[in-house]
Amino acid sequence: MKFIADVMLGSLAKRMRLLGFDVFYDNTLSDNDLLQRALEEDRIILTRDTGLAARPLAKNHLFIDSDHIVDQVRQVIGAFALAPIAALTRCSVCNEPLEPLSKDEARDRVPVYVYLRMKRFYRCGKCNRTYWKGTHVRNMEQRNAKE
């Protein structure tokens, strides 16, 4: 299942990506461009924009009720009966799949305490960001596992 988030849902897009979901987000897209991309790529529109949700071409959408990120994630997961794919499989910034990064390769890319403490690292091949399963990811996984 693939999603596209409107300009108001950047934090939701990032959080869903960290959980492993394919969520396209570009805050420079007009509503028309967003609709076109959603149709071309068969993506479900996540929106807080009542005007966008009311448009005939936006039939395949979920209107997000809350301003709170935890509630937003809960709503998307509940609406589609989703189970998180796997944390840290997609870049939270550009949505590309992450690649494993050896500990040696991560040495100069992460803070020393992270390097000493963590065993697994990941890298985005597109934007070159480095990821590891820190407390923010574990907390997010635990929160979603409870629901």
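How many positive and negative side chains does the chain have, and how far apart do the centres of the two sets lie? The chain has 24 positive and 19 negative side chains, and the two centres are 8 Å apart. Lys and Arg count as positive, Asp and Glu as negative; His and the chain ends are not counted. Each charge is placed at NZ of Lys, CZ of Arg, CG of Asp or CD of Glu.

This is a predicted model, in which local features need pLDDT of at least 70 and side-chain atom pairs count only at pLDDT 80 or more, while totals for chains, interfaces and linings use all residues. Residues are numbered from 1 along each chain as its sequence is written, and side-chain values use heavy atoms, with hydrogens and water left out.

Start with the whole chain. Its C-alpha atoms fill a box of roughly 55 × 35 × 20 Å along the principal axes. The secondary structure comes to seven helices and seven strands. Both are DSSP runs numbered from the N terminus: helices are H or I with at least four residues, strands are E with at least two. In sequence order the pattern is β-α-β-α-β-α-β-α-β-α-α-β-β-α.

Next, surface and burial. The chain exposes about 8400 Å², and carbon and sulfur atoms supply 49% of that area. Accessible areas come from the Shrake-Rupley method with a 1.4 Å probe; for residues, only the protein chains shown count as cover. Of the 147 residues, 39% are buried. Buried means under 20% relative accessible area, exposed over 50%, and partly exposed in between. Contacts are heavy atoms within 4.5 Å. Take the contacts between residues at least 6 apart in sequence: 48% of them join residues at least 24 apart.

Two strands pair if DSSP finds at least two bridges between them. Strand 5 and strand 6 (residues 121-124) are joined by four bridges. Here P100 stands opposite Y122 of strand 6. Strand 6 and strand 7 (residues 130-131) are joined by two bridges. R123 has T130 in strand 7 as its bridge partner. The hairpin of strand 6 and strand 7 has five residues between the strands, and N128 takes a positive phi near 70° there.

Most residues other than glycine have a negative phi. D42 has a positive phi near 50° and is not a glycine. D42 sits in the loop between helix 2 (31-41) and strand 3 (44-47). Is D42 buried or exposed? D42 counts as exposed because its relative accessibility is 59%. A81, also not a glycine, has a positive phi of about 50°. At 70% relative accessibility, A81 counts as exposed.

Helix 4 itself has five buried residues to look at: Q72, V73, Q75, V76 and I77. Helix 1 (residues 10-18) buries L12, A13, M16, R17 and L18. Just after helix 1, G20 takes a positive phi of about 105°.

Finally, follow the loop between helix 4 (69-79) and strand 5 (98-101), where R90 is placed. N95 lies in this loop too. Why does R90 count as buried? Its relative accessibility is 17%, so R90 counts as buried. N95 is buried as well, with a relative accessible area of 8%. A polar atom of the R90 side chain lies 2.5 Å from the backbone oxygen of N95. The side chain of N95 makes a polar contact of 2.7 Å with the side chain of D22. A polar contact is a pair of N or O atoms within 3.5 Å; within protein, one must be able to donate a hydrogen and the other to accept it, and residues adjacent in sequence count only if both atoms are side-chain atoms.

Setting aside residues up to four places away in sequence, R90 touches R17, G20, F21, D22, N95, E96, P97 and L98. With neighbours within four places left aside, N95 is in contact with R17, F21, D22, V23, F24 and R90.

Notes:
Buried means under 20% relative accessible area, exposed over 50%, partly exposed in between (1.4 Å probe, protein chains only).
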